[in-house]
Amino acid sequence: MRRKLVAGNWKMHGLIAALPEIEAIAQAAAVTPGVDAALCVPATLIAPAVTVAARMPIGGQDCHAADQGAHTGCISAAMLREAGAALTIVGHSERRADQGETDADVKGKAEAARRHGLNAILCVGETLDQRDAGQAEAVVTAQLTDSMPDGAAADWLSIAYEPVWAIGTGRTPTEADVAAMHGAIRAKLAELLGGETAAAMRVLYGGSVNGANAALLLGCADVDGALVGGASLTAEKFVPIIEAAAGL
Ligand code: PEP
């Protein structure tokens, strides 16, 4: 039985003034049994967030594949860990698009996270053109294959299926489409990692999840939680998603 995980992705949002929201989210998560909640915040907020987050894990949104070096502006997994992070997102579509990250880069980043004791959420997802061309499943399973880290295991790695066209747009796939893609991802995981690992690994859905659609989307077959952007920025919007996941 996979326990649901609801992770927030604050992207490039959040100053110190946002700490009360993090505290409120953490307090609500602490009294909502049966679900794991986490918040991936900007690197500058990790250490302060940890001080108000009680037991809720705080994460980063990216890490470099290398442990250190001449990579101006980048952050290493060891730095995230030292700041207090327990996890990090890798391969978010915004980084794949904006920073040109390849599957090989994402694989290296996930392996760096693991080396430094961080859990990782590895994102995959197709563009609208790819979906319209009937290539969604092929694209996503290829991303999964090529970005899968060595040593992948369910106790530190989760997958997030995030159709690019659903991120921040208010559009979501149908329940049938979500279930079909998550089924395909689970089958590919079994091929890559063996049935036992595939059965234990959490596969999250991400893309315009909110309090109104969370129960439906998270209730789809093979969906083990959500990666949430915009609706994770306030306790008022994020807590209902955590509660919806707990009720499933
Ligand atoms: C995301 O950033 O991963 C995301 C899913 O964003 P949103 O929930 O805003 O669509």
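Lys109 sits in helix H5, which spans residues 103-115. The model is a predicted one. Lys109 has 8% relative accessibility. It counts as buried because that value falls under the 20% limit. Beyond its neighbours within four places in sequence, Lys109 is in contact with Asp62, Cys63, His64, Ala65, Val90, Arg95 and Glu101.

The chain as a whole contains 11 helices and eight strands. Its C-alpha atoms occupy a box of roughly 45 × 45 × 35 Å along the principal axes. Buried residues account for 50% of the 248 residues. Of the contacts between residues at least 6 apart in sequence, 73% link residues at least 24 apart.

The ligand is surrounded by 14 residues. Lys11, Glu162, Gly168, Ser208 and Gly229 are the closest. By class, the shell comprises four nonpolar, eight polar and two charged residues. A polar side-chain atom of Glu162 lies 2.6 Å from a ligand oxygen. For Gly168, a backbone N or O atom lies 2.6 Å from an oxygen atom of the ligand. A polar backbone atom of Gly230 is 2.9 Å from a ligand oxygen. On its own, the ligand has 290 Å² of accessible area, and the protein covers 95% of this.

How values were computed. Residues numbered from 1 in each chain as written. Predicted model: local features only at pLDDT ≥ 70, side-chain atom pairs only at ≥ 80, totals over all residues. Heavy atoms only, no water. Near = heavy atom within 4 Å. Polar contact = N/O pair within 3.5 Å; in protein donor to acceptor, adjacent residues only side chain to side chain. Areas by Shrake-Rupley, 256 points an atom, 1.4 Å probe, with all protein chains shown as cover. Nonpolar A, V, L, I, M, F, W, Y, C, P; charged D, E, K, R; others polar. Helix = DSSP H or I, 4+ residues; strand = E, 2+ residues; numbered from the N terminus. Buried < 20%, exposed > 50% of the residue type's maximum accessible area, 1.4 Å probe, protein only. Contact = heavy atoms within 4.5 Å.
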